[in-house]
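Please walk through this structure with the sequence and the coordinates side by side.

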Amino acid sequence: MHIHCMDSYRHPHADSAVSDRSERRVRLVLILTVLCMAGEIAAGWAFGSLALLADGWHMASHGAAMTIALFAYAFARRHAADPAFTFGTGKVNALAGFTSAIVLGVVAVMMVWEAAQRLLTPVAVSYGEAMAVAVIGLAVNLASVLILDPPGGHGHEDGHDHHAHGHDHNLRAATLHVMADLLTSVGAIAALGAGMMASWDWLDPAMGLVGAAVIGWWARGLIRDTARVLLDKAENPALAGEIRALIEADADNRVADLHVWAIRPGHLAAIVSVVTHYPRDPEHYKELLAAIPALDHVTVEVIGHGGEPCLPVGDQPGTSVP
């Protein structure tokens, strides 16, 4: 009969407090976005402003992206203890970010299409009315950015930024969507102001093209970063080198095989295969890696080497002659 309690040996697979904070921020911003979106779309159609319409419709798409983010947080929380997910549901965060990045790219393409149409077929713009609504949209977007990424936060919710692995990709995706709205609002105000003073009607769709280029660049970066997490790509070779150096500085250890990957924001898993003439308990090698706080799921394989050591026993680091 088994009488051992295993709770202390199991690894946690969720950061519920961190996710809850992020989820509350995204939910609040979603409410602001939906309210402002409705006003801007209605005003854009009424006043004939592409910049204002673009801002409103892009807010709609970003609202959908934030809905994806909220779903991801809820799903990850609900299934955090589900053994069917080998290393927990941390990668749902990256999957939601990847999906939102695709949406962001589609928004950029739509902006280019609409701007090209308006350049070929100019539409009369009611500048004064459109400007007032654009300013309101700018204020809402600025407030949303401050909610999602407050000064000093820098998007690292859990405080772990060891080798740039502390990113909440889901929260980052939501922030980029709001920043895209903020950029579009700034472009709308600039275009409307110039059009009102100099009758440059072409500037309204031209600013849409500029905004599309920037948003497309953001989408590309987010797709690249989240894809790396989803594909278990080792983003930082220096981290693998640090792990190898810490292990091999002890005794005559050699790292024969090493795999490091992100399992959730700010948390890494590693599998280390150590070859040595002086085998120790796996916990000994885990303690050697304690200086890397992001490593919280480490598996160590210890292989005793049967051949002669390269150095006499007394010269091996960490050993002594009896």
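**A helix across a sheet**

Helix H7 lies across strands S1, S2 and S3 and runs at about 135° to S1, where the angle is taken between N-to-C directions on a scale from 0 to 180 degrees, with axes that are lines fitted to C-alpha atoms, for helices over the stretch in contact. The names follow DSSP runs numbered from the N terminus, a helix being a run of H or I with at least four residues and a strand a run of E with at least two. This is a predicted model, in which local features need pLDDT of at least 70 and side-chain atom pairs count only at pLDDT 80 or more, whereas totals for chains, interfaces and linings use all residues. Residues are numbered from 1 along each chain as its sequence is written, and side-chain values use heavy atoms, with hydrogens and water left out.

The sheet itself is open and is formed by three strands in the order S1-S2-S3, with mixed pairing. Its edge strands are S1 (254–264) and S3 (295–304), each of which pairs on one side only, and neighbouring strands are turned by 10° against each other on average, with direction ignored. Strand S2 (residues 267–276) and S3 pair in the parallel sense over nine bridges; two strands are said to pair if DSSP finds at least two bridges between them. Within this pairing, Thr 276 has Gly 304 in S3 as its bridge partner. In general, strands of a sheet pair through backbone hydrogen bonds, either parallel or antiparallel.

From the sheet we turn to the charged side chains. How many salt bridges does a search of the whole structure find? The search finds nine, a salt bridge being a side-chain nitrogen of Lys or Arg within 4 Å of a carboxyl oxygen of Asp or Glu. In one of them the side chains of Glu 23 and Arg 77 meet at 2.5 Å, N to O, and this pair links distant parts of the chain, with Glu 23 in helix H1 (residues 16–47) and Arg 77 in helix H2 (residues 50–78), 54 residues apart. Glu 23 counts as buried at 6% relative accessibility, whereas Arg 77 is partly exposed, with a relative accessible area of 43%; buried means under 20% relative accessible area, exposed over 50% and partly exposed in between, with a 1.4 Å probe and protein chains only.

A salt bridge also joins the side chains of Asp 232 and Lys 91, at 2.0 Å, N to O. Asp 232 lies in the loop between helix H6 (203–230) and helix H7 (237–248) and Lys 91 lies in helix H3 (residues 91–120), so the pair ties together parts that are 141 residues apart in sequence. Asp 232 is partly exposed at 38% relative accessibility, and Lys 91 is partly exposed at 23%. Elsewhere, Arg 172, Arg 224, Asp 225 and Arg 228 are linked in a network of salt bridges, including the one in which the side chains of Asp 225 and Arg 224 meet at 3.2 Å, N to O.

Helix H3 also holds Asn 93, which counts as buried at 10% relative accessibility. The side chain of Asn 93 reaches the backbone nitrogen of His 169 at 2.8 Å, and a polar atom of that side chain lies 2.9 Å from the backbone nitrogen of Asn 170. Leaving aside neighbours within four places in sequence, Asn 93 is in contact (heavy atoms within 4.5 Å) with Tyr 73, Asp 168, His 169, Asn 170 and Pro 265.

Conventions. A polar contact is a pair of N or O atoms within 3.5 Å; within protein, one must be able to donate a hydrogen and the other to accept it, and residues adjacent in sequence count only if both atoms are side-chain atoms.
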